[in-house]
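Please look over the protein shown here. A short report on its overall build and a few local details comes after it.

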Amino acid sequence: MKQEKIEFYKGPAGGWGALNSVKNALLRQDIPLKGAKTLLSANQPDGFDCPGCAWPDRNHASTFEFCENGVKAVAAEATARRAGPGLFAQYTVAELAEQSDFWLEDQGRLTQPMAYHAPSDQYRPIAWDDAFALIARHLNALPDPNQAIFYTSGRASNEAAFLYQLFVRQFGTNNFPDCSNMCHEPSGSGMRPQIGVGKGTVTLHDFECAEAIFIFGQNPGTNHPRMLGELREAHKRGARIVSFNPLRERGLERFADPQDKLEMATMGSTPISTHYFQLRVGGDLPAVKGMMKHVLEQEDARGGVLDHAFIAEHTTGFAAMADDLRTESWELLEQESGLTEAQMRSAADIYIGAKSVIACWGMGITQHKYAVATIQAIVSLLMMRGNIGREGAGPCPVRGHSNVQGDRTMGIWEKPPAALLDKLRDVFGFEPPRENGVDTVEAIRHMLDGKGKVFFALGGNFASATPDTYETWKALQRCDLTVHVTTKLNRSHIVHGKEALILPCLGRTEIDMQATGPQGVTVEDSMSMVHISVGINPPASEHLLSEPAIVARLAAATLGARSNVPWLWLVEDYARIRDQIEKVFPDFKDFNQRVAVPGGFRLRNTASERVWATASGKASFHAHAVPRDTPTHIARERYKDAVVFTLLTTRSHDQYNTTIYGMDDRYRGVYGQRRVVFINDKDIRALGMQDGDWVDIQTVWSDGQERRADRFKLVAYDIPRGNLAAYYPETNPLVPLSAVADAAGTPTSKSIPVLLVPHKPAGGAVAVDEAGAQAVAP
């Protein structure tokens with residue numbers, strides 16, 4: 001194992017460190033030449049879309065439209081390593097459970113369908129037809145279709161997602177928990193009633209024109225590295241970049257572009273944020289409200305600050321919001337945001353001084369109890385000066401996985417609009433179920449209660465990505481059948497139902513050969529651009545199927561004569577699937593022709609046109625009180641004699657979602673380890689501890705259930721007092737199932753009240769090894 005150390009990182013984001021990481025990623029997967037060749041086709045008109053994040057591509061003619069973490073994703077998929085039947089013959093599932101998440105995925109690409117064999121506690125090869133017959137038998141034996149749960153990862157293409165939702169609704173349920181439920185659900189829940197769309201309104205062109213860019217709860221250096229290029233160019237032309245983040249993140253401070261020869265040769269870098277406000281965890285709503293209050297006060301004092309024409313013509317609710325702001329207390333705003341009145345006024349002055357403003361946010365905003373209210377406040381702030389529907393301005397929720405936005409567009413939603421169901425009925429001649437399905441947290445409860453009997457996952461790592469880890473594991477183990485479509489082994493395949501299948505699929509970098517020839521799939525990025533992705537590498541195994549083919553063959557096996565959809569004919573040529581998509585979704589008119597254009601096309605966004613698809617026909621301002629009953633407030637009231645911290649879970653730089661590429665977090669100075677907790681140095685001393693001491697983390701919650709994660713190293717870090725940060729999935733056991741965002745249901749993984757206690761080895765509920773493996777102790 002690599003040497004464990006904590007060492008302050010002095011360099012910028014990107015730069016030579018990123019190039020060295022790219023080299024190491026390719027070498028680790030034994031693909032130095034293949035990997036380099038593969039990367040030249042990333043995000044190209046005749047190549048594949050990066051399987052990493054959903055940040056859009058600036059130039060589809062460039063040979064360098066990829067980033068460090070994109071390289072890690074490509075390398076992991078194009079790896080020379082194979083996890084074939086020999087691996088499963090070598091280990092029982094109990095033995096695999098003892099391995100770390102990193103070790104499991106590091107075994108390489110899966111090569112054949114595998115079925116769990118209970119007497120031997122091992123996975124054994126199974127033929128594809130037999131696998132589909134087994135799933136169909138379980139599904140058709142259910143007395144109620146709602147006893148089946150169909151999860152979707154944001155990796156699935158538009159074509160796969162469309163067939164998937166069509167199959168499942170013909171089967172008879174809307175049980176579509178997906179990764180949106182765990183990340184940006186509050187963005188849609190907040191914006192749809194407010195501006196009529198649940199997506200951002202900006203394009204990359206707007207980033208070229210914005211005079212100020214506000215970034216809330218986002219760490220682009222690790223989660224969306226290509227965004228740093230846009231921020232770098234914006235800074236160089238004089239735009240103000242204002243960041244709100246509890247942690248000092250190197251990617252928000254400075255960046256060295258590996259494509260800039262002069263910057264690399266001189267060891268230089270470009271600043272990113274012109275202003276950096278370290279607010280408390282969860283302090284964004286009062287901080288934004290403080291900015292809005294200052295904007296209103298300046299309007300009252302001197303006039304000419306608000307966009308009165310926009311407010312009058314396009315909005316409702318301004319007067320009520322203004323009354324709420326005028327009576328708001330600066331003392332309360334300071335107390336709850338962790339910023340001073342002067343800091344909030346300073347940020348607001350930057351906003352006032354810019355003619356065009358973009359507001360970006362990530363899961364540092366969405367994974368809180370009051371996420372929806374915070375997002376509506378950010379959008380209201382933009383609307384005060386007309387910063388929606390004009391060049392260089394608008395809201396920009398930055399999505400995570402590469403097609404998470406596209407999957408929702410295709411109908412992967414447990415609460416489908418009636419218009420979608422009506423269209424499916426009219427086009428395909430069946431009556432879709434009208435009852436809402438379960439979201440991710442509800443799906444876990446569904447399985448725990450015995451109401452969910454079959455769990456099918458199209459991608460993802462449900463067992464590691466979800467909250468309340470051990471409750472989730474119990475839920476999966478109570479199923480009669482669990483099925484996972486995947487490229488690599490992960491924790492979800494080890495925590496299985498009474499029967500279980502692992503179905504290996506093609507990756508996005510691989511050639512997808514169907515009856516009419518090689519196929520391309522489409523994806524939608526964070527800015528509503530739809531483009532095609534065509535793999536270039538031979539498949540990792542001759543036994544792999546594409547995701548559309550898996551869905552189609554499963555649908556044919558399960559529905560049989562009950563369906564008039566020609567499933568197998570559709571997957572002979574994916575253009576046929578796109579023709580069906582066009583029939584259901586008007587915005588995809590001439591889909592095949594438009595996606596054939598290099599760079600693809602942008603879906604219509606009515607809010608960017610100042611057309612408001614809301615109940616009132618206008619955009620709406622919303623007044624929200626500053627929360628005084630957050631989980632941390634409640635916990636501190638209950639534990640007055642203890643120090644209750646607010647914990648946010650986060651990724652390391654060697655990680656994408658639950659996929660762990662290595663044990664380093666370069667920008668935060670953590671090497672060879674993951675079980676660390678970032679804490680203010682003064683808080684360490686107040687606890688009577690020292691930097692480097694080991695602690696156990698315990699959740700403070702009202703349900704009486706013990707939740708803890710053991711043996712974390714204290715690391716002094718630049719973070720506000722009373723706040724902590726630690727990596728997931730190691731800290732997911734601390735997130736209660738009942739800790740969800742109001743009106744959205746998203747787990748509040750960025751704001752968990754916890755206690756720190758000195759670590760006591762053994763005798764606990766959780767056994768943990770140094771590499772991050774987790775298992776329920778007897």
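This is a predicted model: local features need pLDDT of at least 70, side-chain atom pairs count only at pLDDT 80 or more; totals for chains, interfaces and linings use all residues.

Residues are numbered from 1 along each chain as its sequence is written, and side-chain values use heavy atoms, with hydrogens and water left out.

**The whole protein**

The protein has 33 helices and 35 strands. Both are DSSP runs numbered from the N terminus: helices are H or I with at least four residues, strands are E with at least two. The table lists some overall values.

| Property | Value |
|---|---|
| Box filled by the C-alpha atoms, along the principal axes | roughly 75 × 60 × 55 Å |
| Radius of gyration of the protein | 25 Å |
| Accessible surface of the protein | about 26700 Å² |

A compact globule with 778 residues would have a radius of gyration near 28 Å, which agrees with the 25 Å of the protein. This radius is taken over C-alpha atoms, and the globule rule is 2.2 Å times the number of residues to the power 0.38. Carbon and sulfur atoms hold 52% of the accessible surface. Such areas come from the Shrake-Rupley method with a 1.4 Å probe; for residues, only the protein chains shown count as cover. Of the 778 residues, 65% count as buried, meaning under 20% relative accessible area.

**Ser153 and helix H8**

Ser153 is found in the loop between strand S7 (148-152) and helix H8 (158-171). At 4% relative accessibility, Ser153 counts as buried. Its side chain reaches the backbone nitrogen of Arg155 at 3.1 Å. Leaving aside neighbours within four places in sequence, Ser153 is in contact (heavy atoms within 4.5 Å) with Cys179, His401, Asp407, Leu458, Gly459 and Gly460.

Helix H8 has 14 residues. 14 of the 14 are buried, so H8 is largely enclosed by the rest of the structure. Just after H8, Gly172 takes a positive phi of about 125°.

**A three-strand sheet**

Three strands form an open sheet in the order S2-S10-S11, with mixed pairing. Strands S2 (13-14) and S11 (270-271) stand at the edges with a single partner strand each, so one side of each is left without a neighbour in the sheet. Two strands pair if DSSP finds at least two bridges between them. Strand S10 (residues 254-256) and S11 pair in the antiparallel sense over two bridges. Pro271 in S11 is the bridge partner of Arg254.

Methods: Buried means under 20% relative accessible area, exposed over 50%, partly exposed in between (1.4 Å probe, protein chains only). A polar contact is a pair of N or O atoms within 3.5 Å; within protein, one must be able to donate a hydrogen and the other to accept it, and residues adjacent in sequence count only if both atoms are side-chain atoms. The expected span of a helix is 1.5 Å times one less than its number of residues.
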